[in-house]
Amino acid sequence: MKGVIFLEFLNLVEAKFGLDMADGIIESSTLASNAAYTAVGTYPFSEMVSLISALSERTGVSIPDLLQVYGEHLLGRFAIKYPVHFEGVTSTFQLLEKLDNTIHVEVMKLYPEAELPRFYPNRLAEHVLEMTYRSDKPLSTLAYGLIAGCVGHFNEHIDIAMDDRSDEAQTHVIFTLTRMAA
Ligand code: HEM
C-alpha cells in the first residue's frame, strides 16, 4: 500500500483524535516501517490493518465506520493533491465513470507498485449508476466513503446502496447510486 495512504490516515487521526492518539496507535502496532512513511514508498497492507485495529480498540468506533470516514476525508485530499483528475468534471457519475479507465490508470503510471481495486461502471439509467468493486483487499467501506466524499464534493443528492457479493468479505461489492431530484 502506498505511503500517501498511510500519511493521510495518520494526519486525519491526529486532526480528529490528537497527536497522542496517533502516537499511541503507532506504538501499539508492530510496524516494520517504524511508521517512517514517505508518500512514494510502498508498505505492507498489514500495517494499515494494525493501525486501524488499534484505533478501533482505543476509540470504540468500528473498523468499517473508521474506513468510511477515512474514505470521505481522502477524496477531499485527492481533490487537492491531484486536481488534474477533477478538471472539467462536474458530477459524481462523471468522476466515477473515469475512475477505472483513466484515474487509477494514471495512478498506476505514477506509482507502478500500487495495488488498485477494479471498478466496473454500468449506467443503468440517466440517474442510476451501478459500480462493481473488486479487490484483493477488504476495503469496500473505504470505497463507500470515497464515493460519499465525491457526492459531498459535487454537492449532490445521491443515495448509495451497497450489496456485498463476497459473503461479507468486503472484496466484491455492487454499489448502486441513485441521483435524487434536487
Ligand atoms: C483523483 C482521484 C483518485 C486518486 C488520485 C486515487 C489514488 C489512489 C491511490 C494512490 C491508491 C492506493 C493504492 C495503493 O496503496 O497501492 C488508491 C486506492 C484506492 N482507491 Fe483510488 N484514487 C482516486 C479516486 C478514487 C475514488 C473516487 C474511489 C471511489 C470509489 C477510489 C477507490 C479506491 C479504493 C477503494 C482504494 C483502496 C485499494 C483497494 O480497495 O484495493 N479511488 N487510490
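What is the order of the 4 strands in the open sheet? I read it as E1-E2-E4-E3, with antiparallel pairing. The edge strands are E1 (118-125) and E3 (158-164), each pairing on one side only. I took strands as DSSP runs of E, at least two residues, and helices as runs of H or I, at least four, numbered from the N terminus; two strands pair if DSSP finds at least two bridges between them.

I noted that the model is predicted: local features need pLDDT of at least 70, side-chain atom pairs count only at pLDDT 80 or more, and totals for chains, interfaces and linings use all residues. Residues are numbered from 1 along each chain as its sequence is written, and side-chain values use heavy atoms, with hydrogens and water left out.

Next I looked up E1 and E2 (residues 128-134), which run antiparallel and are joined by 7 bridges. Tyr 120 has Thr 132 in E2 as its bridge partner. Helix H7 (residues 140-153) packs on the sheet and touches E1, E2, E3 and E4 (172-179); contact means heavy atoms within 4.5 Å.

Then I checked the domains, whose bounds come from an automatic or database domain assignment: domain 1 is 3-61 and domain 2 is 66-179. I found 14 residues of domain 1 in contact with 15 residues of domain 2. The count between the two domains is 1 salt bridge, that is, a side-chain nitrogen of Lys or Arg within 4 Å of a carboxyl oxygen of Asp or Glu. Glu 8 forms a salt bridge with Arg 77, with the closest N and O atoms 2.8 Å apart.

Methods:
Axes fitted to C-alpha atoms, helices over the stretch in contact; angles between N-to-C directions.
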